[in-house]
Amino acid sequence: SNERLEYVITQIDDSNFRESVLKAKCLSILGREKDALTTLDKFPSEKTIIAKLMVYTICQNNDSFDQFAKAVDISSLNTIRRMMFHALVGRKLFFEGTNYEISDIHTVPIPSKGKLSYDFNKLKEAYDHIREGLKYAKEQNYPHDIFLLTDIAVPLYSFFNNEKELVAYLKNIIELRSESLSIIRHLIILNFNIKNYREVINLANQLEENNIESLSVLIVSTYYEQDKADVMRLVDENRTILLSKPTRNVASIFCMAAQCAYDTLDEAKEANYLEVVQSLNFTDLICIYQFIKSCNAKPQDRKQNYTKLYEEYVSLGRPVSIAYQIIPGLNVQDLTEAEWICDLAGSILQTRELYPEEATNYAFALIMRELWPDLERLCLRVEQHGNSSNLWALFKAVAVESQGRSGEALEILDSGLNNDKRSLERAENYVNLCVRLGL
């Protein structure tokens with residue numbers, strides 16, 4: 001309460017720097033920014049830089065935070081203060097880029113590749129700051145303030161497809177502090193994002209108690225590892241926990257369990273799991289389940305199976321769950337399926353950014369349909385995410401050349417070749433792909 005904070009403030013010896021920082025934080029929580037800064041001003045300025053950034057953060061004074069941070073000479077800070085500086089600036093940019101509140105980081109699901117509504121320019125700045133902060137943290141053997149970096153590092157490293165680097169950092173922390181359960185939970189999510197499902201299972205089994213999030217990831221990873229009996233065992237043992245939050249993800253897990261029951265010829269269990277899904281009213285998941293079952297039973301009827309599910313997708317109002325299921329298996333060289341890919345990618349982009357393989361298929365589909373402005377916009381989006389490559393340079397060149405900007409297309413191709421010095425063979429393959437794309 002405010003009264004308790006007021007009492008704490010009166011008991012603090014503000015001649016001591018550490019206690020003055022505590023007093024400044026308490027004053028900031030009470031909205032007394034000016035008093036908080038005055039408390040710190042009696043100490044040398046280089047000692048109070050991080051504390052003042054905290055004051056501006058707590059008081060949500062973004063303009064003063066930006067002006068103060070811009071004036072800081074980072075080279076004058078010691079290693080710990082550099083880490084804290086990059087952590088605080090990176091966090092501010094992260095929350096501005098996602099438009100989330102600080103409390104949302106532990107409560108709101110953040111798509112692993114972000115959303116179209118995110119400001120990826122700010123998120124790239126945040127990512128760069130957090131990377132710098134982790135380098136300094138490593139030099140100091142990862143102090144306990146490391147959580148200021150790690151909780152937002154997980155989504156940022158996923159946004160920019162660099163999960164493996166963060167995994168290496170977090171493994172180092174585990175080696176130094178094996179009790180770090182929050183770090184284990186971060187590693188579970190990162191390994192799941194990069195499809196390292198066996199490692200997810202190993203990490204989840206280290207937890208004394210799984211919450212519904214880590215339990216869900218454990219079951220899904222076990223499903224992808226084809227451990228069918230373990231999937232059913234985990235669902236049966238944890239049914240009460242799962243159904244305490246009957247979300248779409250939980251319904252999907254029961255569909256996976258039903259698939260495992262079907263594959264192991266346990267019709268009674270299959271029916272039981274599907275009854276749960278039907279009782280939760282997720283019709284789209286039942287459609288997906290029947291699709292997977294048909295594909296496994298009659299792979300020769302691929303076109304018919306995909307056509308049926310796409311028609312159900314349209315009739316149900318284009319649920320993104322079906323878009324996720326269909327898009328990886330479509331043939332981009334089939335004009336009808338290329339049209340579907342464009343439709344499905346549009347649905348996915350309303351909820352999150354495309355994964356690299358989805359974006360690549362979408363680009364080829366746009367080429368098949370000769371939707372050049374859309375292709376150019378996609379290329380610019382990929383560049384903004386820091387995922388540019390020679391292939392994306394080709395896509396962009398195709399897009400601009402097909403809109404009559406041949407000179408710009410040549411510049412893009414020249415830049416792509418000049419930036420890649422690896423081998424003559426690679427350059428020849430690059431030129432051959434240009435020809436195949438019609439350049």
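**Entry 1: a pair to start with**

I began at Arg-318, which makes a salt bridge with Asp-343, the closest N and O atoms being 3.1 Å apart. For the record, I call it a salt bridge when a side-chain nitrogen of Lys or Arg is within 4 Å of a carboxyl oxygen of Asp or Glu. Arg-318 sits in the loop between helix 18 and helix 19 and Asp-343 in helix 20, so this pair ties together parts 25 residues apart in sequence. My helices (H or I, at least four residues) and strands (E, at least two) are DSSP runs, numbered from the N terminus.

The cut-offs I used: buried is under 20% relative accessible area, exposed is over 50%, and partly exposed is in between (1.4 Å probe, protein chains only).

**Entry 2: what I'm looking at**

This is a predicted model, so I noted that local features need pLDDT of at least 70 and side-chain atom pairs count only at pLDDT 80 or more, while totals for chains, interfaces and linings use all residues. Residues are numbered from 1 along each chain as its sequence is written, and side-chain values use heavy atoms, with hydrogens and water left out.

I found 25 helices and zero strands. The C-alpha atoms fill a box of roughly 80 × 65 × 40 Å along the principal axes. Of the 439 residues, 47% count as buried. I also looked at contacts (heavy atoms within 4.5 Å). Among those between residues at least 6 apart in sequence, 59% join residues at least 24 apart.

How many salt bridges does the whole structure have? My search turned up 30. One of them joins Lys-303 to Asp-334, with 3.3 Å between the closest N and O atoms. Lys-303 is in helix 18 (residues 302–315) and Asp-334 is in the loop between helix 19 (320–326) and helix 20 (335–349), so the pair ties together parts 31 residues apart in sequence. Both ends are partly exposed: Lys-303 has a relative accessible area of 34%, and Asp-334 has 24%.

Next I checked Arg-381, which pairs with Glu-353, the closest N and O atoms being 2.9 Å apart. Arg-381 is in helix 22 (residues 372–384) and Glu-353 in the loop between helix 20 and helix 21 (356–368), 28 residues apart. Glu-353 counts as buried, at 4% relative accessibility.

I also noted a network of salt bridges linking Asp-66, Lys-92, Glu-96 and Lys-122.

**Entry 3: one side of helix 11**

Which residues of helix 11 (residues 197–204) are buried? I listed Tyr-197, Val-200, Ile-201, Leu-203 and Ala-204. They cover an arc of only 165 degrees around the axis, so they fall on the same side of helix 11; the arc is that of the directions from the helix axis to the C-beta atoms. An α-helix has 3.6 residues a turn, so residues three or four places apart point the same way. The buried residues of helix 11 pack against helix 10 (181–193) and helix 12 (212–224).

**Entry 4: a buried histidine**

Last, I went to His-86, in helix 6 (residues 79–98). His-86 is buried, with a relative accessible area of 6%. What touches His-86, leaving aside its neighbours within four places in sequence? I found contacts with Ile-74, His-129, Ile-130, Glu-132, Gly-133 and Tyr-136.
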